[in-house]
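Here's a quick tour for anyone meeting this structure for the first time. Have a look at it below, then read on.

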Amino acid sequence: MNKLYKNIIFQSLGFKRDKAQLPLQRKSKEYKNAKVEFTHLIHDSFFILIGIISAGFGLKGFLLPNMFIDGGVMGISLTIAELTQIPLSILIVAVNLPFLIMGFSTIGKQFAIKSIISIVLLAITVHFINFPIITDDKLLIAVFGGFFLGLGIGLAIRGGSVIDGTEILAVYISRKISLTIGDVIMILNIFIFGIAGLVFTIETALYAMLTYLAASKTVDFVVSGVEEYVGVTIISHRNKEIRLAILENLGRGCTIYAGKRGQSMENTDVIYTLITRLEIAKLHTEIDKIDKEAFIIMHSIKDAKGSMIKKRAIK
């Protein structure tokens, strides 16, 4: 029987062709993609686990025993813990939960699931692991407590998740009103520090600002100085496949420039795309599936407006 007729009959009857009949090239590609996915999962999981331990150490070894707070969702959790005596481990999950639910639509399902797992593991770490109290010097507590907490948040971002829901809320609000992500985070933290000044003391609020400054600068350092958005230039001989991966798998737009290779003078298409720093891990995964030798250049961008960057959710 003609091969075309066989396919029509199989499809009309609802039968799926056996995997053994799939072309060898397709099997090889599926295996390669699965291998890349697994490798990146191990890589991301390592960053997330180290980040959780670092954040737990910053909280239990410095901030929590000395009644210090930070900015963001973690600062809200610490403030409530000091006022109500509710365990911080419960508050970390409870306060972050609304932002994680928001993340399913704002950021994407895979990212939200990884973030939920990360935050639950952080809560378990804070509750069950007894880190030693390092110092009672207020300046050292603010600087190094912020440093270890920021290190943990930054490593979690490198692993493709968050352990503080502030950025999810900032991304959501920035898409609704004409404020940048940085502006939203700043306004939220001014509110948190103001509450700290009223509930505790002005001195506590000032130390909270210092803690936040140490944490935020550490986060920026860990993620290689990347701000809210990252401009990415990609040069590869398989540029058509990479372009489709950016459009279909990441849900992002891209621009194609006509270029020439400096040594061979061969014509080549240069891909330029704009992503958030939360998507860097996903972009690397998609590119590695297609061409591990692709030449990639990244540079920080303070903010971006228009086109697809704020209209489509991160996948």
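**A buried salt bridge to start with**

Glu 279 is buried, with a relative accessible area of 2%; buried means under 20%, exposed means over 50%, and partly exposed is what falls in between (1.4 Å probe, protein chains only). Its partner is Arg 252: the two form a salt bridge whose closest N and O atoms are 2.9 Å apart. Keep in mind that this is a predicted model: local features need pLDDT of at least 70, side-chain atom pairs count only at pLDDT 80 or more, and totals for chains, interfaces and linings use all residues. Residues are numbered from 1 along each chain as its sequence is written, and side-chain values use heavy atoms, with hydrogens and water left out.

**The chain as a whole**

- The chain has 11 helices and four strands; these are DSSP runs numbered from the N terminus, with helices being H or I of at least four residues and strands E of at least two.
- Of the 315 residues in the chain, 46% are buried.
- Among contacts (heavy atoms within 4.5 Å) with a separation of 6 or more, 75% are between residues 24 or more positions apart.

**Salt bridges**

- A salt bridge here is a side-chain nitrogen of Lys or Arg within 4 Å of a carboxyl oxygen of Asp or Glu, and by that rule there are seven.
- Back to the opening pair: Arg 252 sits in the loop between α10 (239-248) and β2 (254-260) and Glu 279 in the loop between β3 (267-276) and α11, so the bridge ties together parts 27 residues apart in sequence.
- Arg 252 is buried too, with a relative accessible area of 1%.
- Glu 203 and Lys 138 also meet in a salt bridge, at 3.2 Å from N to O.
- This pair links distant parts of the chain, with Glu 203 in helix α9 and Lys 138 in helix α6, 65 residues apart.
- Glu 203 is partly exposed at 40%, and Lys 138 is partly exposed at 37%.

- Which helix holds both Lys 282 and Glu 286? They both lie in α11, four residues apart, which is about one turn of the helix.
- Salt bridges with shared partners join Glu 37, Lys 282, Glu 286 and Lys 289 into one network.
- Glu 286 counts as buried, at 4% relative accessibility.
- Leaving out residues up to four places away in sequence, Glu 286 touches Ala 245, Asn 249 and Leu 250.

**Nonpolar cores**

- The largest nonpolar core has 40 residues, and Leu 59, Ile 92 and Leu 122 have the most contacts inside it; such a core is a set of buried Ala, Val, Leu, Ile, Met, Phe, Trp, Tyr and Cys residues joined through side-chain atoms within 4.5 Å.
- The largest share of this core, seven residues, comes from α2.
- A second, separate core of 14 residues includes Val 230, Val 232, Ile 242 and Ile 280.
- Leu 122 is in contact with Ile 52, Ala 55, Gly 56, Met 74, Ile 92 and Ile 163, setting aside neighbours within four places in sequence.

**Aromatic pairs**

- Searching the whole structure turns up eight aromatic pairs: rings of Phe, Tyr and Trp (its six-membered ring) pair if their centres lie within 6.5 Å, and planes under 30 degrees apart count as stacked, over 60 as edge-to-face and the rest as tilted.
- One of them is Phe 68 with Tyr 207, a tilted pair at 5.4 Å centre to centre and 45° between the planes.
- The two are 139 residues apart, Phe 68 in the loop between α2 (24-63) and α3 (72-84) and Tyr 207 in helix α9 (residues 202-222).
- Phe 68 counts as buried at 7% relative accessibility, while Tyr 207 is partly exposed at 22%.
- Ring pairs also link Phe 57, Phe 62, Phe 131, Phe 147 and Phe 148 into a cluster.
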